[in-house]
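I opened this notebook to keep track of what I looked up in the structure, entry by entry. I begin with a single residue and its surroundings, and then widen the view.

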Amino acid sequence: YTGKSGNQMLAEKVKNITVNEYQSRPVVVQESASVYDAICTMFLEDVGTLFVVDKHITLVGVLSRKDLLRASLGKQALESIPVSIIMTRMPNITVCKQDDLIIEVANKLIEKQIDGLPIVVEVEYGSRFEVVGRITKTNITALLVDLANDEVI
Ligand code: ADP
């Protein structure tokens, strides 16, 4: 008998789960893409957050649903507005790595009041990040369901 309560065991379980166990694939657009293209991609790919990359697939920005809605309120033609002028850009992007704890991601989502994070690999000592995945509130909800069904090892 370990002497640990059910709650302690659950907490320990949760604190060992890493990002790579509950990730989704990233959906990206090029920084040269228009707001119109980004809206089409968001619908076609059925995601709420797009990551913007340059031609070397380096992460340069994030686009949320509301970023695109806000841009749509203006008078300008959406085909003529590049996403690079409306996106949230580096270095102001909260990122995570494959081996980060999911509970750290959950804390960041709450603290920053955002829906998801890009999962990145660092290239060239922190000066450049490549996007390899996406983790959102939906993934964390899936974890909650697995925990309730006692399906987490
Ligand atoms: P929405 O704006 O549709 O409610 P979010 O809450 O995710 O969606 O986004 C809020 C704002 O935060 C947007 O301007 C978006 O560009 C930005 N944002 C989203 N994800 C991140 C992130 N990982 N790092 C920094 N900013 C982000």
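Entry on Ile86. I looked up its contacts and found that Ile86 touches Val35, Asp67, Ala71 and Ile81, leaving aside residues up to four places away in sequence; I count a contact where the C-beta atoms of two residues, placed from the backbone, lie within 7 Å. The model is a predicted one, in which local features need pLDDT of at least 70 and side-chain atom pairs count only at pLDDT 80 or more, while totals for chains, interfaces and linings use all residues. I number residues from 1 along each chain as its sequence is written.

I then placed Ile86 in the loop between H3 and E4, taking helices (H or I, at least four residues) and strands (E, at least two) as DSSP runs numbered from the N terminus. Ile86 is listed as partly exposed because 19 other C-beta atoms lie within 10 Å, where a residue is buried at 20 or more such atoms, exposed at 12 or fewer, and partly exposed in between, with C-beta atoms placed from the backbone.

I traced an open sheet of four strands, ordered E1-E2-E3-E4 with mixed pairing, two strands being paired if DSSP finds at least two bridges between them. Strand E1 (28-30) and strand E4 (88-89) stand at the edges with a single partner strand each, so one side of each has no neighbour in the sheet. Strand E3 (residues 59-64) and E4 run antiparallel and are joined by two bridges, and I noted Thr88 in E4 as the bridge partner of Val62.

Entry on the whole chain. I counted five helices and six strands in the protein chain, whose elements run α-β-α-β-β-α-β-α-β-β-α from the N terminus on. The C-alpha trace spans about 65 × 35 × 25 Å along its principal axes, and buried residues make up 24% of the 153 residues.
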